[in-house]
Amino acid sequence: MSAHVHGQCMPWATAGFSPGAAEWPQMAIEPRAEVVIIVDPFGSGRFLVDELLLRGWPLVAVRSNSEAHDSLSSSFDPTPFERTLVHSGDVLGTARSLRECLKRPVAVFAGSEPGAELADTLAEVLSLRGNGSAMSRIRQDKYFMTERLRECGLAADFLQRRCGTVAEAANCALELGRGRQVVVKPCASSGTECVFKCRNAEAIADAAAAILGGHDAAGRRNDAVLVQEYVQGAEYIVDCVSLDGQHLVTGIWACQKSYIGGEFAYDRTTTMPFSSEEGSVQRMICEYVFQCLAALGVVTGASHSKVICSDTHGPCLIKMCPWMHRSVAPAVWAACAGREHAQAYLLADAVTEGGMMLSWKLEAIGMGSPAYELANYSIILDLQCHEDGILARSVEEVAGEWIRALSSFWMMKCDLEPGDRIYRSRDMLTSPGHIVLIGPDPAIVEQEAAIIREAERRGQMYVLSTSTSSKTPTPPACSDDEGTWGKCGLFLPMAGLCDPSPRMKALEAQVAGLLASPTASPELLPKACAEFVLDGLLE
């Protein structure tokens, strides 16, 4: 077994730090005879890649399809992998190619949402630990997920319908009665992507028309729409790592959303301390999530679950995602609780190292120790623009200096440049970016988050041009068959429609140079290239 490097894990790209060879953590590692397979290592999957590399594991990447939107697939870096396979739809053929590798597959992970189903199937075919494929579809579809929980007595008593047409969706308003609120969303989506809150049949029909026929960020076609009775309450995310049916909570987050112009937009996600006290919300939602994981067939691997706690319904699972918490969340948690309490560390330990650390933590929890302790408090603040327009000056130019001077500033991601079109924030895909604040004093972190939000409201961050022309095209009024445009406000510039910015050209040139270099390795990535692969969505 390889030695473990203890201490804080702050992936270099996220921290804005690019170490030289002398600064890279040194480990005494013997050559491995096995290989770890990661399906779609996009987004937060890169933190698992970093962790496995530190442990000396050779890696093989499998890309499940080519339809995932750039917000996910642009974060893929092939350099750490000995081999990259593209799945063509033939599971047995892909499994055969993996078996023919020079090293024996020892584990299969889903690196991000698009790869979850394929990872389940490959693990099953290769006789490796996993969740099995029997319930994969249920775990991916919110409607079937809720119905499964209902069968197990775990779902809240609220109405939901899976609708294949606009007319079917509109009829749900008649079932609910006048004045009842519903949420209309794709059956499989994330990050409040195309999620609408509606009060009448007309609004439901408009929302369904905006969703049906389009594609989500994972590349799936929206052939059906989910209409659910609106459940109001506090929202939480519970991160877990499971091994052979034993579940360990690795993190709890509180989520806050804003309601902007009829649609949801994330406001912030904050770290929560652990509590096992009787009656605490943390204990209640963790016990509930463990029951849901068992009902949904989650046996081994990482997961993060969204739960709403309602005064009338109690805890209610909104979605369980059988992959790691997305975007920078794993790195933020490691900065607040320590690397050995982070999902990537414990997931790598569970499936490749026999779960020694995970078993020790479960035993300690059974003796009364907390699942984790936070040394720092963090807010991941999703940026919000309140109007559509053309950006006249970059956010970095307008506000970068004073934002970076905040005592709790940790990182900022906002790639918009002058001339880019900016949209009123409707969901995570139309947010201009996010800012991470971390500090030991929650009051200071909250105060500095309020300063940023007030600057947005006063127009002191997004300076818009009066010009109507931009480097990105204006979306047409109606959705086309490809779902790239639509009433939902999701606007994804299609490849080839606009020239890349000077900064993007420079980043692409650096990436090309690295890929051509025989000495290319993760520790040698320059800062700009690290920023280039830092794309992803927070969920």
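Helix 12 and helix 13 (residues 356-366) pack at an angle of about 110 degrees, with their axes 6 Å apart. Here axes are lines fitted to C-alpha atoms, for helices over the stretch in contact, and angles run from 0 to 180 degrees between N-to-C directions. On the helix 12 side you will find Tyr345, Leu346, Asp349 and Ala350, which meet Met356, Met357, Leu358 and Lys361 of helix 13. Contact means heavy atoms within 4.5 Å. By class, this contact of helix 12 with helix 13 has six nonpolar, no polar and two charged residues. The classes put Ala, Val, Leu, Ile, Met, Phe, Trp, Tyr, Cys and Pro under nonpolar, Asp, Glu, Lys and Arg under charged, and the others, Gly among them, under polar.

A word on what you are looking at: this is a predicted model, in which local features need pLDDT of at least 70 and side-chain atom pairs count only at pLDDT 80 or more, while totals for chains, interfaces and linings use all residues. Residues are numbered from 1 along each chain as its sequence is written, and side-chain values use heavy atoms, with hydrogens and water left out.

Now step back to the whole chain. Its secondary structure comes to 17 helices and 19 strands, where helices (H or I, at least four residues) and strands (E, at least two) are DSSP runs numbered from the N terminus. Of the 539 residues, 58% count as buried; buried means under 20% relative accessible area, exposed over 50%, and partly exposed in between (1.4 Å probe, protein chains only). Among contacts between residues at least 6 apart in sequence, 70% join residues at least 24 apart.

Return to helix 12 (residues 343-352), and look at its packing with helix 2 (residues 45-54): the angle is about 60 degrees and the axes are 9 Å apart. That makes helix 2 oblique to helix 12. Phe47, Leu48, Glu51 and Leu52 of helix 2 make the contact with Ala344, Tyr345, Leu347, Ala348 and Thr352 of helix 12. Seven of these residues are nonpolar, one is polar and one is charged.

In the largest nonpolar core, which has 69 residues, Leu52, Leu317 and Val332 touch the most other members. A nonpolar core is a set of buried Ala, Val, Leu, Ile, Met, Phe, Trp, Tyr and Cys residues joined through side-chain atoms within 4.5 Å. Not counting residues up to four places away in sequence, Leu317 touches Met145, Leu149, Tyr288, Cys292, Leu296, Ser305, Lys306 and Val307. A second, separate core of 22 residues includes Leu381, Phe409, Leu437 and Ile452.

Another helix pair is worth a visit. Helix 8 (residues 166-176) and helix 9 (residues 201-211) pack at an angle of about 150 degrees, and their axes are 8 Å apart. That makes helix 8 roughly antiparallel to helix 9. Val166, Ala169, Ala170 and Ala173 of helix 8 meet Ala201, Ile204, Ala205, Ala208 and Ala209 of helix 9. This contact has nine nonpolar, no polar and no charged residues.

Most residues other than glycine have a negative phi. Asp40, though not a glycine, has a positive phi of about 55 degrees; Asp40 sits in the loop between strand 1 (34-39) and helix 2 and is buried, with a relative accessible area of 0%. Asp244 also is not a glycine and has a positive phi, of about 50 degrees. You can find Asp244 in the loop between strand 9 (234-243) and strand 10 (246-260), where Asp244 is partly exposed, with a relative accessible area of 48%.

Leu85 belongs to strand 3 (residues 83-86) and is buried, at a relative accessible area of 11%. Leaving aside neighbours within four places in sequence, Leu85 is in contact with Ala61, Val62, Arg63, Thr94, Ser97 and Leu98. Finally, Gly368 lies in the loop between helix 13 and strand 14 (377-382) and is exposed, with a relative accessible area of 60%. Gly368 and Ser276 are 92 residues apart in sequence, yet their C-alpha atoms are 8.6 Å apart in space.

Notes
Parallel < 35°, antiparallel > 145°, perpendicular 65-115°, else oblique.
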